[in-house]
Amino acid sequence: MKFDIVTIFPEFFTGIFEYGIVRRAQTEGLVTVGLHDLRNFTHDRHRTVDDRPFGGGEGMVLKPEPLAEALASLGIEPKATAEATPAAARTRVILMSAQGRPFTQAVARELSKLDRLVLICGRYEGVDERINQIYCDMELSIGDYVLSGGELAAAVVVDAAMRLIPGVLGNEASSEFESFGAADEEISTDTEGVPRSQHGAGGLLDYPHYTRPAEFAGLPTPGVLMNGDHRLIRRWRREQQLRKTLTNRPDLLAGADLTAEDRKMLDAIRAEGL
Ligand code: SAH
């Protein structure tokens, strides 16, 4: 998979993609990241990428011409005239924007199935809207706050999508079992073996993790994790998932894949608070 990032600060990404899974994915040739300096697509002495907003108001706006040229250099054509090639079907042009639709694990999963993502990083007050209109397949926001530029947001999208590409994570199944993981019928009926969780996360948050030492700062590891009873461990982890989700993200419960037993546990947890 290829990620192309259009930015006025390509150096911003030095280091950010050079660690851990993201680095390994690149050295193993599973993904490539191209950084494209927007200023290389200007033609004036000052390499101007911004201009004042029509209608007045604060700040500056990224001009459309350098962005259009940068996209053309990447073989991206206006949506209206682009040929419907297989390559185009497996490419998305994404504008990083606080006005975008929320970037979630589900979106990351969809993006990870494509061949190419082109990410446009805004700066100042944002990007001339016609770039969005003409070239972009979607606007993505990484959360309800305003960043000073799209670079951090693009790095978040690249990281989250990249680790879901088959072969990138060491353990193929592990993204199923973490927070926001999909429910999986086969997994949910598997009651043997190492208890990662009773089901695929099924839209719940992950359970808490512990490692050695068994006691730290006077706090013991929950005894159930030490006794080797896989059935009990699975049940405890599921209950912890429900507990965490109820405490931190009760909004997720409505869309979660809950069994009758889950609902009973949830009722019991809620009753504790009464
Ligand atoms: N005037 C804009 C904010 C501009 S911030 C507004 O009020 O919506 C400058 C740039 O940072 C944006 O163009 C965008 O590329 C990026 N950015 C800021 N917040 C973001 C967010 N939550 N998600 C994704 N990109 C963001």
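## Surroundings of the ligand

A residue is near a molecule or strand if its C-beta atom, placed from the backbone, lies within 6 Å of that molecule or strand. The ligand is surrounded by 19 residues, and the closest are Ala98, Gly122, Gly126, Gly150 and Ala153. This is a predicted model, in which local features need pLDDT of at least 70 and side-chain atom pairs count only at pLDDT 80 or more, while totals for chains, interfaces and linings use all residues. Residues are numbered from 1 along each chain as its sequence is written.

Helices (H or I, at least four residues) and strands (E, at least two) are DSSP runs, numbered from the N terminus. Strand S5 (91-102) and helix H6 (150-162) each give at least two residues to the shell around the ligand. The largest share, 4 residues, comes from S5. The shell holds 9 nonpolar, 8 polar and 2 charged residues. Here Ala, Val, Leu, Ile, Met, Phe, Trp, Tyr, Cys and Pro count as nonpolar, Asp, Glu, Lys and Arg as charged, and the others, Gly among them, as polar.

## The chain and its domains

The chain contains 9 helices and 9 strands, and its C-alpha trace spans about 70 × 45 × 40 Å along the principal axes. An automatic or database domain assignment gives domain 1 (2-162) and domain 2 (181-271). The C-alpha centres of domain 1 and domain 2 are 37 Å apart.

Of the 274 residues in the chain, 28% are buried. A residue is buried if 20 or more other C-beta atoms, placed from the backbone, lie within 10 Å of its own, exposed if 12 or fewer do, and partly exposed in between.

## The parallel sheet

An open sheet is formed by 5 strands in the order S2-S1-S6-S5-S7, with parallel pairing; two strands pair if DSSP finds at least two bridges between them. Strand S2 (32-37) and strand S7 (138-141) stand at the edges with a single partner strand each, so one side of each has no neighbour in the sheet.

S5, which contributes to the ligand shell, pairs with strand S6 (residues 116-120) in the parallel sense over 5 bridges. Within S6, Leu117 stands opposite Arg92.

Glu261 lies in helix H9 (residues 260-272). Glu261 counts as exposed because it has 12 C-beta neighbours inside 10 Å. Glu261 and Arg24 are separated by 237 residues in sequence and by 40 Å in space, C-alpha to C-alpha.
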